[in-house]
Amino acid sequence: MTKRKYTFEQLLSQFLKDEHYYANPHRSHPFIYSGDNKLWTTDNFGVLIANPTIVRYGKKYPVQDCGFNLPGDNDDIVISVNDLQETLKKVATLKKYEYMTCPECKGSKRVYALYTSSRSFGTWHIETDCPVCNGKGVVKAKPVKFSLVPDERCYINIKDVVFKAPYIQRIVNVCNLAGVKEIHWVHVHKENANIFNINKDIKVAQMPCDPSKSEHPERNTIALF
Ligand SMILES: [Zn+2]
């Protein structure tokens, strides 16, 4: 696993689904949730919730109502971040590539091409999928960069609650950025959101999962305890 240290903004992007994919405003950028005035960043499977006063860069985030309330505490289990890291080392990793906006279509996914007919005189402008990015709007960054990320077909079982390994990795990334050595698991649930208190300013809500219902066949599940 890479020991890379992320900036807070890079960390937030790990809690968003592919920004080029989702149009849902709750999943495409961080926002201040009007329900608690905290900074929420979510891909719908997990949420990074931060006290906005810790956010540097003076960036303004939109205020939105996502209509979701965090469950109350039902436990207090202390988990060592080192134990999480050691468990993640046993998990298979994949190369994840970094992408950039396509230089040809500037991310619009479509290009106008000049079409010349061989049968008749004249040329036409036609709109077509961008041939450089195949209509995706993004291309692999050049020179191609990648980071090693846990395979999402691998799972980590903590006290019979099962999480996809990449979700545990991003919790570890939050801990490393915050300089935290242990976290408090304060809402434990096999089917609904689990709450991990990282420190007094940051918490992560994470959905567990059932590997048997996953779209990907399970590779392995590793138990933390
Ligand atoms: Zn393109």
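Me: Helices (runs of H or I in DSSP, at least four residues) and strands (runs of E, at least two residues) are numbered from the N terminus. In the loop between which two strands is asparagine 37 found?

Reply: This is a predicted model, in which local features need pLDDT of at least 70 and side-chain atom pairs count only at pLDDT 80 or more, while totals for chains, interfaces and linings use all residues. Residues are numbered from 1 along each chain as its sequence is written. Asparagine 37 has a positive phi of about 60° although it is not a glycine, and its loop lies between β1 (31-33) and β2.

Me: Why does asparagine 37 count as exposed?

Reply: A residue is called buried if 20 or more other C-beta atoms, placed from the backbone, lie within 10 Å of its own, exposed if 12 or fewer do, and partly exposed in between. Asparagine 37 counts as exposed because the number of its C-beta neighbours inside 10 Å is 10.

Me: Where does lysine 159 lie, and how many C-beta neighbours does it have inside 10 Å?

Reply: Lysine 159 lies in the loop between β12 and β13, and it has a positive phi of about 50° although it is not a glycine. It counts as partly exposed because its C-beta neighbours inside 10 Å number 13.

Me: What is the bridge partner of leucine 48 in β16?

Reply: Strand β3 is joined by five bridges to strand β16 (residues 202-206), and these two run antiparallel. Within β16, the bridge partner of leucine 48 is valine 204.

Me: In the open sheet of three strands, which are the edge strands?

Reply: The strands of this open sheet come in the order β13-β12-β17, with mixed pairing. Each edge strand pairs on one side only, and the two are β13 (161-164) and β17 (220-223).

Me: At about what angle to β13 does α4 run?

Reply: Helix α4 (residues 165-178) has 14 residues and reaches 20 Å from its first C-alpha to its last, close to the 20 Å expected at 1.5 Å a residue, where the expected span is 1.5 Å times one less than the number of residues. Axes are lines fitted to C-alpha atoms, for helices over the stretch in contact, and angles run from 0 to 180 degrees between N-to-C directions; residues are in contact if their C-beta atoms, placed from the backbone, lie within 7 Å. Helix α4 lies across β12 and β13, and its angle to β13 is about 85°.

Me: What is omega for the peptide bond from lysine 142 to proline 143?

Reply: Proline 143 has its place in the loop between β10 (138-140) and β11 (146-150). The peptide bond from lysine 142 to proline 143 is cis, with omega near -5°.

Definitions and conventions
Two strands pair if DSSP finds at least two bridges between them. Two residues are in contact if their C-beta atoms, placed from the backbone, lie within 7 Å.
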